[in-house]
Amino acid sequence: MSLEDTDNLTIFTPTDKGRAELKAGSTKLSTIALELMVMFDGKSPMSAITKRVTGARPGEISDTVAALLRNKFIDILRPGKTAEADFGSFFEVPVDAMPESVPAKFRDETDKGLLSLDRSGYYIGVAQQAAAKKAPNNGSKYSVLLIEDNVQFVTVVKMLLKLDGYEPRAASNRDEIVAALRASPLPDVILLDVNLPGTDGFDILARIRQHPAVRAIPVILLTAQTSRKDVLRGLSGGANGYITKPFEHDVLMKSLRAVLGLTG
């Protein structure tokens, strides 16, 4: 894990266990861990703290943060851009208009995907495979938020995710979506259906991509919409992947690993 895996605007705070460790007469924590624990005041963002740490090896800070999270010495107080993490108006603010012209790379990707759809019955196009491995936001297990209103489909996908070691969450309507995005820590990946009650996945994708607290989360559209127009709209709107229903288990897992940087 590298320093880039930690959001520079994330704010950490010691847990009760962490505070007790700081007060203890002896500790097994490293010097860098103790230094970070003292600096995690629940106010300073990670970007400010890393500037104050001295003598750390490359990657040591983020490795230490991950270990402190994993061992429950610290917790994420407010993930991402805390001053702008309000979701009260998530569905009220206007979204940016879709560009009239679609970049050539998305047109090429879409055409290849539609050929795959004709041959195999599904299409997957990871437009932005992560350049480096992403660390889990909770420090131990990747969380996947499934935004989908079909109860049976949610049950099946959650089961598949659990079998592969992911921590699934689900939301099916506006209120649940806002609650899920407010929850700490943020999901590592979002699986997004297009046909949803009271809204649609393309609109939600646009809102995610313009919201400062969640715009960096990889989003994979998981939908029955298979037209060239829909695929183009999804990829050019910022989706990291587009998978059509029905799909194979391996296709979903391959896509998740790609956007998380777990494959080369």
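Which residues of the largest nonpolar core touch the most other members?

1. Of the 27 residues in that core, Ile147, Ile190, Leu192, Ile204 and Leu221 touch the most other members. A nonpolar core is here a set of buried Ala, Val, Leu, Ile, Met, Phe, Trp, Tyr and Cys residues joined through side-chain atoms within 4.5 Å; buried means under 20% relative accessible area, exposed over 50%, and partly exposed in between, with a 1.4 Å probe and protein chains only. At least two residues of the core come from each of β3 (143-147), α7, β5, α8 (201-210), β8 (219-223) and α9 (228-236). Helices (H or I, at least four residues) and strands (E, at least two) are DSSP runs numbered from the N terminus.

2. This is a predicted model, in which local features need pLDDT of at least 70 and side-chain atom pairs count only at pLDDT 80 or more, while totals for chains, interfaces and linings use all residues. Residues are numbered from 1 along each chain as its sequence is written, and side-chain values use heavy atoms, with hydrogens and water left out.

3. Leaving aside residues up to four places away in sequence, Ile204 touches Phe90, Phe91, Ile147, Ile177, Leu192, Leu196 and Thr199; contact means heavy atoms within 4.5 Å. Another core, of 21 residues, lies apart from the largest one and includes Leu146, Phe153, Ile220 and Leu260.

4. The structure holds two aromatic pairs. Rings of Phe, Tyr and Trp (its six-membered ring) pair if their centres lie within 6.5 Å; planes under 30 degrees apart count as stacked, over 60 as edge-to-face and the rest as tilted. Phe12 and Phe40 form a tilted pair, 5.1 Å centre to centre with 45° between the planes. Phe12 lies in strand β1 (residues 11-14) and Phe40 in the loop between α2 (31-39) and α3 (46-52), so the pair ties together parts 28 residues apart in sequence. Both Phe12 and Phe40 are buried.

5. The ring centres of Phe153 and Phe247 are 6.0 Å apart and their planes stand at 85°, so this pair is edge-to-face. It links distant parts of the chain, 94 residues apart: Phe153 is in helix α6, and Phe247 is in the loop between β9 (241-244) and α10 (249-259). Phe153 is buried, at 18% relative accessible area.

6. Two backbone details may be noted. The peptide bond from Ser184 to Pro185 is cis, with omega near -5°; Pro185 is in the loop between α7 (174-182) and β5 (189-192). Lys72, a residue other than glycine, has a positive phi near 60°. Lys72 counts as exposed because its relative accessibility is 59%.
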